[in-house]
Amino acid sequence: MVSTRRPGHVRSTLTGPDFLGPPGRRSARLTRPLVTAAAAALAAPLVLAAPASAGSGDNLGADLRGARPGAESVGDRLFPTLGNGGYDALHYDLGMTYQAATRTVEATTTMTAVATQNLSRFSLDFDGNTITSVRLDGGPVAFARHDEKLVITPARPIRAGTPLRLAVAYHADPRSTAFTCVVPPPATPSAWVPIDSGFVDAGQPNCEHTVFPSNDHPSDKATYTFRLTVPQGTTAVANGRLVSTFDGPDRTTTTSVYREDAPMASELTQIVVGDFTVAQVPGAAGVALRNVVSTASAAQIEPVLTQEAEQVAWMVDRAGPYPFGVYGELVPDGIDNLGFALETQTLSLFPSGFIKSNRNPVRVQRVLVHELAHQWFGDSVAPATWSDIWLNEGHATWYEDNWADPDGSNLLSQMHDAYAASDRMRAADGPVALPDTAEVMFDNNSYDGGALVLYALRQEVGDATFARIERAWQARFHGRDAGTADFIALSSAVAGRDLRGFLTPWLYSRSTPAMPGHPDWTVLPVQPAAAPSVAAAAHPARAAR
Ligand code: ARG
Ligand code: ZN
């Protein structure tokens, strides 16, 4: 069931073109302080009262004389150029005005952050677009662009602990192809996904900074405000809750304000503008639901989404309380080339062609559950590094598998087949928790290989303990980022025994350990990558992925 055309083939894509991405290089464990929404709320007024660029007075203290540039990387081994180590982003305020005549966007991103060292200089990730002004704490500031960095040099160093507010105004063309960022495995020239009536946003994992300047790594979550101005009659939606809507002075535009108060990784941003219908749906398990569907296709899309509330309640039973204020499914026409669905926070994205055709209803519902499960696994608890992608995709696949197989009758054969393919997947892509390169991070090894690790853990500790581990993960790390070492430690704590010896080879070895309870299971020998897959033939429905 696992492989499609070769053991390492991309599992997540709905279509599946080929792609060459950036090579991985360094290895570093990332840790960042947890920043609360309350801290973000506090920071903004402080900035206005005491401009950070001036420091707290006119003399530079001895420590400030030693101020250094923030490192132009947070040290992700798969994406070594992402992020900056010198500050912690607290809040992004994204203002965007969409002009239908030119299909372009006038935008201002205001990032509120706090310096985490004495800073002589810092950078944001930003690629493409045309900057019209940059202001630090309300005044002009020197800036430069190189590669995918926007580098800010304040007139005076910024003391560690000082809040700062950076406003970047720019012009954007969602249809532009003049971006440097490359999204693995294939996909788009940027995170902007243009549609006839506007655009959609798909930045995972490393290209959201083509839409707005940010510290573009999941280890630096922030809260968000979106102020979206569009022609009257056009719909604009973003992550989180709708706070207000008002008409422009000449009544030709409407501005909608959305807030995401739960900390969010930049890669999970969703901003959608176009001819959409927002359908309020009866919620479940206390979760408010709204779907955003292309108006022209609403009658075909909505009947396919009717299991949503039941799926939410089912996930709450397994993973714990829903972590956000709202959930919904975003189904645009005109993005079928995207080739994948995406777990953008509170509003998962699905190309309408996939939903409407509904040729394989079980598969469609699996993918709906998959992106829903990501709200707990990947969104509320974000990966500490991109090498931890199996925590996202393994869990989402695990719940998808279990939803599709309520009595567990197929799970066994699915896991048996994944086990058989496991050495091949590892040979092609690397250990489950250490993908060789960015271009293989969305391969089957992260999806079915990750789910197989969870099955092995359940076999080892038993159903009840496994269920407790899954809920404890959310209880412990919601709103934060966490990595593979955290998962091993938490599993051990919940199980009451040291699981390092068990989980380490499952996660970090290129050869698949013995499966507890199934001494007869064997792996297929590693073959050249082009070898046809026995497993794919056995499960055509899954091979379609
Ligand atoms: N995370 C998505 C999923 O739910 C897949 C995204 C795949 N591709 C990408 N370039 N981000 O499986
Ligand atoms: Zn996924």
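Here are some worked exercises on a predicted model of a protein chain.

## Exercise 1: Get an overview

Task: Find out how many helices and strands the chain has, and what share of its residues is buried.

Solution. 
- Step 1. Start with the secondary structure: there are 14 helices and 23 strands in the chain.
- Step 2. Now look at burial. Of the 545 residues, 62% are buried.
- Step 3. Finally, check how far apart in sequence the contacting residues are. Take the contacts between residues at least 6 apart in sequence: 73% of them join residues at least 24 apart.

## Exercise 2: The zinc site

Task: Which residues coordinate the zinc ion (ligand 2), and at what distances?

Solution. 
- Step 1. Pick out the donor atoms. They belong to His-370 (NE2), His-374 (NE2) and Glu-393 (OE), and they sit at 1.9 to 2.0 Å.
- Step 2. Write down the spacing of these donor residues along the sequence, which is H-x3-H-x18-E.
- Step 3. Decide on burial, using the cut-off of under 20% relative accessible area. His-374 has 0% relative accessibility, so it counts as buried. Glu-393 has 1%, so it is buried too.

## Exercise 3: Helix 9 and helix 10

Task: Work out how helix 9 (residues 444-461) and helix 10 (residues 463-477) are oriented to each other, and which residues make the contact.

Solution. 
- Step 1. Know what to look for: two packed helices are described by the angle between their axes and the distance between the axes.
- Step 2. Get both values. The axes of helix 9 and helix 10 come within 7 Å and cross at roughly 130°.
- Step 3. An angle over 145 degrees would count as roughly antiparallel, and 65 to 115 as roughly perpendicular.
- Step 4. List the contact residues. Helix 9 brings in Leu-454, Leu-457, Arg-458 and Val-461, while helix 10 supplies Asp-463, Thr-465, Phe-466, Ile-469 and Glu-470.
- Step 5. Sort the residues of this contact between helix 9 and helix 10 by type: 5 are nonpolar, 1 is polar and 3 are charged.

## Exercise 4: Helix 9 and helix 12

Task: Is helix 9 roughly parallel or roughly antiparallel to helix 12 (residues 500-508)?

Solution. 
- Step 1. Read off the geometry: the axes of helix 9 and helix 12 come within 10 Å, crossing at roughly 165°.
- Step 2. Apply the cut-off. Angles over 145 degrees count as roughly antiparallel, so helix 9 is roughly antiparallel to helix 12.
- Step 3. Note the handedness: helix 9 passes helix 12 in a right-handed crossing.
- Step 4. Name the residues that touch. From helix 9 come Leu-452, Val-453, Ala-456, Leu-457 and Glu-460, and from helix 12 come Phe-502, Leu-503, Trp-506 and Leu-507.
- Step 5. Sort the residues of the contact of helix 9 with helix 12: 8 are nonpolar, none is polar and 1 is charged.

## Exercise 5: Follow Val-364 to a neighbor

Task: Where is Val-364, and which residues does it touch?

Solution. 
- Step 1. Val-364 belongs to helix 6 (residues 361-374).
- Step 2. The relative accessibility of Val-364 is 2%, so Val-364 counts as buried.
- Step 3. Leave out residues up to four places away in sequence, and Val-364 touches Val-304, Phe-354, Ile-355 and Asn-358.
- Step 4. Take Phe-354 from that list. Val-364 and Phe-354 are 10 residues apart in sequence, with their C-alpha atoms 7.4 Å apart.
- Step 5. Now take Asn-358, which sits in the loop between helix 5 (352-357) and helix 6. Asn-358 isn't a glycine, yet its phi is positive, at about 45°. With 25% relative accessibility, Asn-358 counts as partly exposed.

Terms used. Residues numbered from 1 in each chain as written. Chains lettered and ligands numbered in written order. Predicted model: local features only at pLDDT ≥ 70, side-chain atom pairs only at ≥ 80, totals over all residues. Heavy atoms only, no water. Helix = DSSP H or I, 4+ residues; strand = E, 2+ residues; numbered from the N terminus. Buried < 20%, exposed > 50% of the residue type's maximum accessible area, 1.4 Å probe, protein only. Contact = heavy atoms within 4.5 Å. Axes fitted to C-alpha atoms, helices over the stretch in contact; angles between N-to-C directions. Nonpolar A, V, L, I, M, F, W, Y, C, P; charged D, E, K, R; others polar. Donors = N, O, S within 2.8 Å, 3.2 Å for Na, K, Ca; no water. Parallel < 35°, antiparallel > 145°, perpendicular 65-115°, else oblique. Left-handed = near helix turned anticlockwise from the far one by under 90°.
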